[in-house]
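Let's take a walk through this model together. Keep the viewer open and follow along.

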Amino acid sequence: MLTKRVIPCLDVRNGRVTKGVKFKNNVDLGDPVEMAVGYSEGGADELVFYDITASAEGRPIDIGMVEAVARAVRIPFAVGGGISSLADMERVILAGAEKISVNSLAVRNPQIIAEGARAFGRQCVVLGMDPVRSGKTPSGYEITTRGYRDFTGMDAVEWARRAADLGTGEIVVNSVDADGTREGFELEITRLVAEAVDVPVVASGGAGRPEHFVTVFREARADAAIVAGMIHSGEFTIASIKDAMRDAGVPVRMSW
Amino acid sequence: MTAIIDYRAGNLTSVRNAFAALGAEAVVTRDPAAIASADRVVFPGVGAARSAMDNLSELGLVNAVKSAAMSGRPFLGICLGMQILFDHSDEDGGVDTLGVLRGRVMRFPRVPGFKVPAIGWNDVGGREYYFVHSYYAELVPETAGVAEYAGVRFTAMVKKGRLWACQFHPEKSGRVGLELLEEWLKLDNDGCAKC
């Protein structure tokens, strides 16, 4: 039985981990490599790094940081943001990341998913999506891109199915509505996507308390969930999240 | 010296980094002579069975890998590097693989609630390791570790003397993964007297 994964997310801006609500009010939280080591030793099952300023500024991903993280931690990690081609994906993988997360790029050019899966294996290609509640699409959720700046008119569930058919190995569902609220994951869109595709689904956005993880794993069929602000602030630890999961009977990795 | 075989089957950086963390000297190579003379050989792999076999053929490495695996020197297959040590994989419509071990590699069945690829940490004899795979090797006499997913009990690890191979990624399995690599590094490499 696979355990349900808890994945700290580190948003990196100019070489520092930052946290803001809906891409605003960013606060410096620390050094990405030190934080990666800390979370790895604290029980993280995986890590994800988003180079959040990369796409807006058209700047390539910080390969030196990827290499430093790969040397420092012995758990898998994904990198997203600033990836604009197959060559970028390759550089990130050769630097030591297990997975590349594509989001806006895949919306512009869906074939990049198929190309990445062919070149590196589908387990390397993660689709990140930023759905927002919307009356304009059949599922009630519409895909946004470029850090929620652009509305695409694309239906979130349809997009998930298409991406899985194209060869994505995993889908991160980052709810725009829940992001930064700390009021819990958006269960409905997570469950809609989890039930629509055969590949693992990672819930993202809204985690504020350990119980939120129990709920998203039990009720929304997520395979993994992203944690950020609630542990970055020092209010909670990964261990406290995992204790809550274990106490509720959710399969979880408890020794590390 | 440990040789990590490079046959264009995925990222070797993690494997090299893990050995570096243990202070073990490891070189990434696709030179058959270097593989033949190494004290220890690591055979990693990510991707699909057919392209892996094609790459081994194109690079002239099929015999080098088979010889190393059967030499009695410490040998470690990882993930796809374990799967293609078996006779046959059902992947890509069916591929005959290296045949160092008897056994077959199959796809996980479709079972509601069990996503494929299977990605994450799974229990092997009381320890959890990181797995990423859509195919699994059946249980064989050399199976030394069993894991379970989608209602299937499969080979998580094989040991045949100093030939070890694992479906999971020890290089990405935190402390327990490093401990396994350390144990493998402690195997004698003086021929096969203690196999």
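Start at Lys115(B), which is buried, with a relative accessible area of 9% (buried means under 20% relative accessible area, exposed over 50%, and partly exposed in between, using a 1.4 Å probe and protein chains only). Before going on, some housekeeping: this is a predicted model, where local features need pLDDT of at least 70 and side-chain atom pairs count only at pLDDT 80 or more, while totals for chains, interfaces and linings use all residues. Residues are numbered from 1 along each chain as its sequence is written, chains are lettered from A and ligands numbered from 1 in the order in which they are written, and side-chain values use heavy atoms, with hydrogens and water left out.

So what does Lys115(B) meet in a salt bridge? The partner is the side chain of Asp223(A), at 3.9 Å from N to O (a salt bridge is a side-chain nitrogen of Lys or Arg within 4 Å of a carboxyl oxygen of Asp or Glu). This pair crosses between chains: Asp223(A) sits in the loop between α9 (210-219) and β12 (224-227) of chain A, and Lys115(B) in the loop between β7 and β8 of chain B. Helices (H or I, at least four residues) and strands (E, at least two) are DSSP runs here, numbered from the N terminus. Asp223(A) is buried too, with a relative accessible area of 13%.

Over all chains, the structure holds 27 salt bridges. One of them joins Lys99(A) to Glu170(A) at 2.8 Å, N to O. Lys99(A) lies in strand β6 (residues 99-102) and Glu170(A) in strand β10 of chain A, so this pair ties together parts that are 71 residues apart in sequence. Both Lys99(A) and Glu170(A) are buried. Through shared partners, salt bridges link Arg5(A), Glu46(A), Lys99(A) and Glu170(A) into one network.

Now jump to Arg182(A), in the loop between β10 (170-174) and α8 (187-196) of chain A. Its phi is positive, about 60°, although Arg182(A) is not a glycine. The residue counts as partly exposed at 33% relative accessibility. Arg182(A) also forms a salt bridge with Glu235(A), with the closest N and O atoms 2.8 Å apart. Glu235(A) lies in the loop between α10 (229-232) and α11 (238-247) of chain A, so the pair ties together parts that are 53 residues apart in sequence. Glu235(A) itself is exposed, at 52% relative accessible area.

Back in chain B, seven strands make an open sheet with mixed pairing, in the order β2-β1-β3-β4-β13-β12-β11 (two strands pair if DSSP finds at least two bridges between them). At the edges stand β2 (26-29) and β11 (143-149), each with a single partner strand, so one side of each is left without a neighbour in the sheet. Neighbouring strands are turned by 20° against each other on average, direction ignored. Strands β4 (residues 75-78) and β13 (residues 163-166) of chain B pair in the parallel sense over four bridges, and Leu76(B) stands opposite Trp164(B) in β13(B).

In the loop between β11 and β12 of chain B, Ala150(B) has a positive phi of about 50° without being a glycine, and it counts as buried at 5% relative accessibility. Finally, look at the loop between β7 (104-107) and β8 (118-124) of chain B, where Pro117(B) lies: a cis peptide bond joins Val116(B) and Pro117(B), with omega about 5°.

How values were computed. Axes are lines fitted to C-alpha atoms, for helices over the stretch in contact, and angles run from 0 to 180 degrees between N-to-C directions.
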